[in-house]
Amino acid sequence: MSPSAGLSAESASAVRRLAQLSVQARDCTPACCASTVTLWLADGVHRTASTHPDIDALASFEEETGEGPDVEAPASSASVRSGDLVTETRWPRFRYYALGMGLRTFRALPVRRNGMTAVVGLAGYRAGTLPASVEPPVRALAEESLDALVRDHGLASVTVEVGQLKGALATRALVDRATGMVMRALDCDADRAFGILRSISQGTNRKLDQIAQDVVDTDSDLLARRLRGIGRRASRSARGGGPPVS
């Protein structure tokens with residue numbers, strides 16, 4: 001399974017990392033006036049962050065029209081660029097929109113890591129000012145961000161698992177305590193005591209830990225009186241049961 005499996009492009013961690021990367025990519029690239037970062041997951045879900053509202057609108061326009069370097073880059077093994085939009089012929093609608101914003105040059109760099117693809121889009125006001133030499137630092141930043149996303153996701157998953165484990169241990173301790181109380185009340189062994197608790201759970205359509213909590217919260221003499229009748233029915237049928245013990 002991919003390390004990014006289960007990671008959501010809408011998670012707070014993903015949104016934060018993408019926003020940070022877009023700013024870092026712009027700041028480390030001479031002549032770059034704005035940057036976008038689009039995160040693509042294996043299931044096709046994606047999320048874009050941009051340094052400016054205008055460039056965010058341009059990214060949305062690319063997605064709507066299917067034209068532009070950012071939408072071509074995910075399927076490309078190399079960066080997709082336009083040295084000068086004035087002479088560009090590949091993306092007529094994108095060209096018109098971007099030139100209207102005063103933008104002249106673009107470079108979209110796909111970076112793949114841990115089953116994810118991040119496309120870092122760089123935009124400039126002057127033609128020919130985003131050469132291939134700008135790619136290494138941007139690529140390094142993108143790879144670091146993708147690695148950090150996987151770490152964030154892994155930490156969150158571990159936190160959830162620990163919480164679930166603690167809950168399971170607490171439930172087990174509660175059921176064990178209730179089982180012991182039933183054993184004392186009915187002078188029976190652990191298997192029969194647990195069977196009675198399970199029968200009550202099935203017969204009342206309530207979770208076993210809820211029944212166990214009822215047992216623990218009941219006065220011992222009252223518990224013994226209530227359990228005698230329930231115990232007799234449970235011994236005749238595994239699906240027997242009776243009223244709740246609370």
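A search of the whole structure, which is a predicted model, finds eight salt bridges, a salt bridge being a side-chain nitrogen of Lys or Arg within 4 Å of a carboxyl oxygen of Asp or Glu. One of these joins Glu67 to Arg93, with the closest N and O atoms 3.0 Å apart. This pair links distant parts of the chain, since Glu67 lies in the loop between helix 2 and helix 3 whereas Arg93 belongs to helix 4 (residues 92-100), 26 residues apart. Helices (H or I, at least four residues) and strands (E, at least two) are DSSP runs numbered from the N terminus. Residues are numbered from 1 along each chain as its sequence is written, and side-chain values use heavy atoms, with hydrogens and water left out. Local features need pLDDT of at least 70 and side-chain atom pairs count only at pLDDT 80 or more, while totals for chains, interfaces and linings use all residues.

The largest pocket holds about 240 Å³ of space. On a 1 Å grid over the protein atoms alone, a pocket is an open set of points with protein on both sides within 12 Å along at least five of seven lines, a cavity is a set where a 1.4 Å probe fits but cannot get out, and lining residues have an atom within 4 Å of a point. Grid points are joined across faces, edges and corners, and a volume is the space filled by probe spheres set on the points. Of the 14 residues lining the largest pocket, Thr38, His46, Thr48, Ala59 and Glu63 lie nearest its centre. Strand 1 (34-40), strand 2 (46-50), helix 2 (53-65) and helix 3 (69-72) each supply at least two lining residues, and the largest share, five residues, comes from helix 2. By class, this lining has four nonpolar, five polar and five charged residues; Ala, Val, Leu, Ile, Met, Phe, Trp, Tyr, Cys and Pro count as nonpolar, Asp, Glu, Lys and Arg as charged, and the others, Gly among them, as polar.

The structure also holds one cavity of 30 Å³ or more, and about 60 Å³ of space lies in the largest cavity. Thr36, Ile55, Asp70, Phe106 and Gly121 are the closest to its centre among 14 lining residues. Helix 2 gives the most to the lining of the largest cavity, with four residues, and the lining comprises nine nonpolar, two polar and three charged residues.
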